[in-house]
Amino acid sequence: MTNTQLKTRLGKRLRALLNAIPDGTKQVWDLCCDHGAVGRAVIESRPNCEVVFNDIHQDIMARLSKKLIALGAKNYRLEVAPAQNLKLNGEQRPTIILAGVGAEQCIEILKQLFSQPAAEQAYFIISPATKTYFVRQFLCQAGVYLADEACISENRRSYEIICIQLQQKASNRPMIGTAEDLFGACWQPGNAEQLKHLKKQLKFYQSAQKPTPETDLICQGYQQLIEKKFLNSLEG
C-alpha cells in the first residue's frame, strides 16, 4: 500500500516503521510516535490488527481520538499513562513501536517493559531520537536478539531502526556487545546521508565537556566504522 492510498500521510521514516511490523501481527502498540501516525496507518492497512495507542499527554490523545473517529477506526484503544507502566499481554504477541524519544527515556521504558514476562512474546521496533549508542549498549546488556536493523534518511536527518526480541528465533542473532551490535551493521558504503549521520554521532561524543574513557571508546568505535565502511568509497 502506497502513501497515496492511505489517508494517514507517512514520510520515509514512518513508512519504514510501518513496514518493519512483521506479517501476521495481530496487535500493535504505538507509543505515540508522531502522534499515532503509524498506528493510524496500521488501522488502514491491517484492519484485523488491534492498535493500542499510548501517550502521557491527554491533549495529544484527545486530538488523536478525533482523528481516529474521522478515520472510522474501530479496532483500537487509547492508553493515557507513562509507557513504562503499560501491561503487556503475551497471548497477543504484540509488536511494540517505540520511536522519537531520547535515549534515556527509551531505556527507561524498555527496562520496565522487558521486566514483564509477556515481553518474551513481543516484537520491538525501536528508533531513538538521540544517543543511539547507549540504547544499543542497553540492548546488549539486556541480552536481546537482533531481528533486523536499518538506517532511514529523511529531510537531511537519519534515523536508526532496531528490531529486537527477547527470545531467540531462527532468523535473529544475539546482541553480545560486538562493534556491529554497538555501532550498527546496517551501513551502506557510498551512502552519503549515512556517512553524515555517523559523523554527526562522532562529533556529538567528541564535544563532551568532560571526556571519559567510555566516550573515548565510543569515539574510537565511530571513527573506525567510518573508516571501514566509507573512507575508501567516498574519501579515498
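Start by selecting Lys131: with a relative accessible area of 26%, this residue is partly exposed (buried means under 20%, exposed over 50%, partly exposed in between, using a 1.4 Å probe and protein chains only). Lys131 sits in the loop between strand E5 (123–127) and H5; helices (H or I, at least four residues) and strands (E, at least two) are DSSP runs, numbered from the N terminus. Check the backbone here: phi is positive, about 45°, although Lys131 is not a glycine. Most residues other than glycine have a negative phi.

Before moving on, some housekeeping. You are looking at a predicted model, in which local features need pLDDT of at least 70 and side-chain atom pairs count only at pLDDT 80 or more, while totals for chains, interfaces and linings use all residues. Residues are numbered from 1 along each chain as its sequence is written, and side-chain values use heavy atoms, with hydrogens and water left out.

**Next stop: Arg156**

Jump to the loop between strand E6 (145–154) and strand E7 (157–165), where you'll find Arg156. Its phi is positive too, at about 65°, and Arg156 is not a glycine. Is Arg156 buried or exposed? It counts as exposed, with 71% relative accessibility.

**Now select H4 and H5**

Two packed helices are described by the angle between their axes and the distance between the axes. For helix H4 (residues 103–114) and helix H5 (residues 132–142), the axes come within 9 Å and cross at roughly 20°. (Axes are lines fitted to C-alpha atoms, for helices over the stretch in contact, and angles run from 0 to 180 degrees between N-to-C directions.) That makes H4 roughly parallel to H5; the label covers angles under 35 degrees, with over 145 being roughly antiparallel, 65 to 115 roughly perpendicular and the rest oblique. The crossing of H4 and H5 is right-handed, a term for the near helix being turned clockwise from the far one by less than a right angle, and left-handed if anticlockwise.

Show the side chains: on H4, Ala103, Cys106, Ile107, Leu110, Lys111 and Phe114 meet Phe134, Val135, Phe138, Leu139 and Ala142 of H5. Contact here means heavy atoms within 4.5 Å. By class, the contact of H4 with H5 has ten nonpolar residues, no polar ones and one charged (Ala, Val, Leu, Ile, Met, Phe, Trp, Tyr, Cys and Pro are nonpolar, Asp, Glu, Lys and Arg charged, and the others, Gly among them, polar).

**Over to H2 and H3**

The axes of helix H2 (residues 37–45) and H3 come within 11 Å and cross at roughly 15°. H2 is therefore roughly parallel to H3. Arg40, Ile43 and Glu44 of H2 make the contact with Leu64, Lys67, Leu68 and Leu71 of H3. Those residues divide into four nonpolar, no polar and three charged.

Stay on helix H3 (residues 58–71) and pick out Leu68. What is its relative accessible area? The value is 0%, so Leu68 is buried. Leaving out residues up to four places away in sequence, Leu68 touches Arg40, Ile43, Phe53, Ala73, Tyr76 and Leu78.

**Zoom out**

Finally, show the whole protein chain, with its eight helices and eight strands. Of its 236 residues, 50% count as buried. The C-alpha trace spans about 55 × 40 × 40 Å along its principal axes.
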